[in-house]
Amino acid sequence: MGHPRSPRHLLRCAIFSKTPERSYFRLPPAGRYLSYVQPWSQTAAGAAAAVPTCKNIYVQAIDASGKPVGEARRLTIETARDVANYFWKSSGHILFAKDFGRDENFDEVSVGVDGSNEKDLTPLRRGWCRDRG
């Protein structure tokens, strides 16, 4: 084993700490899709001005053997902040946390597996404490 500061050791650390292209993989109850989070920016989609790259939710249809079917579909268009967490509500909807005002007051948002019907499920007025009973 080499010295902890050797180039070989530093290379292993760099590979280990590298941000993955895709992460947070999830399967819905019926198992017909695979969802994950992947970086996306409007610049990559052809926008004129540079917009920061943020992690968004993607869904890929899969067959019974688990092989991808067709192209993956991006469900969210987050440009201000990464999608922090998400989960399947059912085989047709995903719930995710969204910070609309970048003020650490996260709302739960629902979106259909086809990207339709995005709806804020916790639309409280900004500045109100959510812990009140």
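The accessible surface of the protein chain comes to about 9,100 Å², and carbon and sulfur atoms account for 55% of that area; accessible areas come from the Shrake-Rupley method with a 1.4 Å probe, and for residues only the protein chains shown count as cover. The model is a predicted one, in which local features need pLDDT of at least 70 and side-chain atom pairs count only at pLDDT 80 or more, while totals for chains, interfaces and linings use all residues. Residues are numbered from 1 along each chain as its sequence is written, and side-chain values use heavy atoms, with hydrogens and water left out.

**Overall composition**

- The protein chain has 1 helix and 8 strands; these are DSSP runs numbered from the N terminus, with helices (H or I) of at least four residues and strands (E) of at least two.
- Read from the N terminus, the order of elements is α-β-β-β-β-β-β-β-β.
- Of the 133 residues, 28% count as buried, where buried means under 20% relative accessible area, exposed means over 50%, and partly exposed lies in between (1.4 Å probe, protein chains only).
- Among contacts in the protein chain with a separation of 6 or more, 34% link residues 24 or more positions apart; a contact means heavy atoms within 4.5 Å.

- E1 pairs with strand E2 (residues 33-40) in the antiparallel sense over 2 bridges, and serine 23 stands opposite valine 37 in E2.
- E3 and E4 run antiparallel and are joined by 4 bridges; alanine 61 has valine 69 in E4 as its bridge partner.
- The hairpin formed by E3 and E4 has 5 residues between the strands, and glycine 66 in the turn has a positive phi of about 90°.

**Sheet E5-E6-E7-E8**

- A further 4 strands form an open sheet in the order E5-E6-E7-E8, and the pairing is antiparallel.
- Its edge strands are E5 (86-88) and E8 (119-120), each of which pairs on one side only.
- Strand E6 (residues 93-98) and strand E7 (residues 107-112) run antiparallel and are joined by 6 bridges; phenylalanine 96 has valine 109 in E7 as its bridge partner.

**Nonpolar core**

- The largest nonpolar core has 13 residues, and those with the most contacts inside it are Ile57, Val59, Leu75, Tyr86, Trp88, Ile94 and Phe96; such a core is a set of buried Ala, Val, Leu, Ile, Met, Phe, Trp, Tyr and Cys residues joined through side-chain atoms within 4.5 Å.
- At least two residues of this core come from each of E2, strand E3 (54-62), E5, E6 and E7.
- Apart from neighbours within four places in sequence, isoleucine 94 is in contact with residues including Ile57, Val59, Leu75, Tyr86, Trp88 and Val109.

**Loop residues and backbone angles**

- Glutamate 21 lies in the loop between helix H1 (7-17) and E1, and this residue is exposed, with a relative accessible area of 52%.
- Beyond residues up to four places away in sequence, glutamate 21 touches Val37, Gln38 and Pro39; the C-alpha atoms of glutamate 21 and proline 39 are separated by 7.0 Å, with the two residues 18 apart along the chain.
- Serine 91 is in the loop between E5 and E6, and its side chain reaches the backbone nitrogen of alanine 30 at 3.0 Å.
- Tyrosine 24, in strand E1, has a positive phi of about 55° although it is not a glycine, and counts as partly exposed at 43% relative accessibility.
- Asparagine 117, in the loop between E7 and E8, likewise has a positive phi, near 55°, and counts as exposed at 58% relative accessibility.

How values were computed:
Two strands pair if DSSP finds at least two bridges between them. A polar contact is a pair of N or O atoms within 3.5 Å; within protein, one must be able to donate a hydrogen and the other to accept it, and residues adjacent in sequence count only if both atoms are side-chain atoms.
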